[in-house]
Structures are given as structure tokens and as C-alpha cells.
Amino acid sequence: QVQLVESGGGLQRPGGSLRLTCEASGFTFRENSMKWVRQAPGKEFERVAGISPDGATTEYSNSVKGRFTIARDNSRKTLYLLMNSLKPEDTAEYYCARGPLGSDYYVDRGRGTQVTVYS
């Protein structure tokens, strides 16, 4: 059974940082591209960042490029999202997902972790 469990969300001021973590199980983590997606209240899902199975290739949405960094540790079956220079518009539920790069499609998604950036 595939499980993706996110953690690390919370409240933060603009300009602050947070690190999200996703622990994966139930599939061969090192063979899968992974991504972070988010959904703000009243808005559609947005693909935030993606990373190839070996971590060599990453991709970011224009809205977070230069501020967020996606990383993975295949030995720990863990995905990370380091978020710097947070803005109020980054407020959303953040989800870890298993799926190909360059696409909004995903096979599995976790339950999410809430990030709130407030002034």
C-alpha cells in the first residue's frame, strides 16, 4: 500500500522559511519521479516542484523558482521542499505526489500539510 506522509507545515511570517518533508512507503521510491503540488483556498491545484528519480533533474513553477528547493534522499525514502522567502500567496495545503516530471499528472498523493504565511 502506497503511503505518502507530509510534515513540516505551519505558520510563518513573510520572508521566513519552512522545510516540508514527505516520507514514502509501499513502492520503490528510488525509481519514481516525485513532486510537490499545492492548493490554495478556492483555487486549483498548482504543480510547485518536481524531481527525477536520481535527483539530477528538478523543475519549478515560475511562482516559486529561486525561492523553493526540492530534494530527495533515496536511502531514507524521503522527499523535501525547502521554502525560503515565503510570501502570503504561498499559503496553501502542500501535497507530496508520485508522478512524472513535466506533467500535472500524479499516481498517488499524500494527505497534505498546511502552510500559512501571514503578516
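Let me begin with a term: a residue is called buried when its relative accessible area is under 20%, exposed when that area is over 50%, and partly exposed in between, using a 1.4 Å probe and protein chains only. The structure above is a predicted model, in which local features need pLDDT of at least 70 and side-chain atom pairs count only at pLDDT 80 or more, while totals for chains, interfaces and linings use all residues. Residues are numbered from 1 along each chain as its sequence is written, and side-chain values use heavy atoms, with hydrogens and water left out.

I turn to the aromatic rings. Rings of Phe, Tyr and Trp (its six-membered ring) form a pair if their centres lie within 6.5 Å; planes under 30 degrees apart are stacked, over 60 edge-to-face, and the rest tilted. How many aromatic pairs does this rule give? The count comes to two. In one of them, Phe 27 and Phe 29 have ring centres 6.3 Å apart and planes at 55 degrees, so the pair is tilted. Phe 27 counts as buried at 11% relative accessibility, and Phe 29 counts as buried at 2%. Phe 45 and Tyr 95 also form a tilted pair, with centres 5.5 Å apart and planes at 55 degrees. This pair links distant parts of the chain, since Phe 45 belongs to strand 5 and Tyr 95 to strand 9, 50 residues apart. Strands here (E, at least two residues), like helices (H or I, at least four), are DSSP runs numbered from the N terminus. Phe 45 is partly exposed at 36%, whereas Tyr 95 is buried at 10%.

Two of these rings also carry a charge over them, meaning NZ of Lys or CZ of Arg within 6 Å of the ring centre and within 35 degrees of the ring normal. The charged end of Arg 72 sits over Phe 29, 4.3 Å from the ring centre. Arg 98 lies over the face of Phe 27, at 4.6 Å from its ring centre.

Next, the core. A nonpolar core is a set of buried Ala, Val, Leu, Ile, Met, Phe, Trp, Tyr and Cys residues joined through side-chain atoms within 4.5 Å. The largest one has 25 residues, and Trp 36, Leu 79, Leu 81, Met 83 and Tyr 94 have the most contacts inside it. Strand 3 gives the largest share of this core, four residues.

Finally, Gly 99 lies in the loop between strand 9 and strand 10. Gly 99 is buried, at 6% relative accessible area.
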